[in-house]
Amino acid sequence: MLNALKVILEIQELDMKMIQLMLLKRQRQKELDQLNANKTSLRDRIADKEAEILEMKKNIRLVEGEHNEILAKIKKLESQQNAIKKVEEYNAITHELSSADRERLAKEQRLSDFYDKLAAEEDVLKSLNESLLSTIDSSKVLETEIHDSIHQINEEGRVLKAQRDELVEQADPEVFKVYERLLRNKKDRVVVPLENRCCSGCHIMLTAQHENLVRKGERLVFCEHCSRIHYWQESKALEDTVVATKQRRRRSTKAI
């Protein structure tokens, strides 16, 4: 059974690398999405501000029209007043002129407020457009770097998959099926060593009987707590694997 696990362990090392690549790709894609979201948000704000300014200009034209009508009315009343001889009619037109003049002043004040607000909103729009151009310009380099990174990740992923496919051809079909089912569930290492009678996956202590079964390596032995497959890393059957190389490296580090 340990011979069957040798191939699975090699496949697992490739799978761990592929998982890390996928996580990195997802992170880089998230960065790219955020950059695009920032630009989209600015464009939406610009569109909203342009619509707001357009509506404001319509209101200004409307009030300007009303103001012109009042001016025309005042001019007409003044012309009539100059031609009137009777005091009563003169006073009536004077009263009407006063009322029209108050309306004129109100319209002019409203127009002044509109002009001030329009100028302020156009300044905001200008600032938003400048911010968008700056964001587009500054994000170009980062976007290029992210796209290159994603391309490199895809290339590394293709190489790893090709290596994995070759190993799968050599793997025991039944053992590989069990391994893949566990990998789909955990998205992490599912074939792990037993260290000091402790599962190196869930870090829970196991029985001496369980350890003996793992040492023998006659069949697949699963952790009774996390369902991972256990193996004995000191086994001679695993001497040429990546796992054994890592174990030797750890020993050398400790010795130093």
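Predicted model: local features only at pLDDT ≥ 70, side-chain atom pairs only at ≥ 80, totals over all residues.

I found an open sheet of four strands, in which the order is β2-β1-β4-β3 and the pairing is mixed. At the edges stand β2 (198-199) and β3 (221-222), and because each has a single partner strand, one side of each is left without a neighbour in the sheet. I reminded myself that strands of a sheet pair through backbone hydrogen bonds, either parallel or antiparallel.

**Entry on β1 and its partners.** I looked up β1, residues 191-195, and saw that it pairs with β4 in the parallel sense over three bridges. Going through partners in β4, I noted that Val-191 is bridged to Ile-229, and that Pro-193 has Tyr-231 as its bridge partner. Helix α1 packs on the sheet and touches β1 and β4, and its direction makes about 110° with that of β4.

With β2, strand β1 pairs in the antiparallel sense over two bridges, and here Leu-194 stands opposite Cys-199. These two strands, β1 and β2, form a hairpin with two residues between them, and in the turn I marked Asn-196, which has a positive phi of about 55°. Is β1 mostly covered or mostly open? I found it mostly covered, since four of its five residues are buried, and buried is the word for under 20% relative accessible area.

**Entry on Gln-29.** I next picked Gln-29, which lies in helix α1. Its relative accessible area is 32%, so I wrote it down as partly exposed, the class between the cut-offs of 20% and 50%.

**Entry on the cavity.** How many cavities of 30 Å³ or more are there? The count comes to one, and the volume of the largest cavity is about 50 Å³. Its lining has 13 residues, and those nearest the centre are Leu-5, Val-214, Gly-217, Arg-219 and His-230. By class, I noted 10 nonpolar, two polar and one charged residues in this lining.

Which elements each supply at least two residues of the lining? They are α1 (2-83), α4 (208-216) and β4 (229-231), and β4 gives the most, with three residues.

How values were computed
Residues numbered from 1 in each chain as written. Heavy atoms only, no water. 1 Å grid on protein atoms, 1.4 Å probe; cavity = no way out; pocket = protein on both sides within 12 Å on 5 of 7 lines; lining within 4 Å. Points joined across faces, edges and corners; volume = space filled by probe spheres on them. Nonpolar A, V, L, I, M, F, W, Y, C, P; charged D, E, K, R; others polar. Pairing = 2+ DSSP bridges. Contact = heavy atoms within 4.5 Å. Axes fitted to C-alpha atoms, helices over the stretch in contact; angles between N-to-C directions. Buried < 20%, exposed > 50% of the residue type's maximum accessible area, 1.4 Å probe, protein only.
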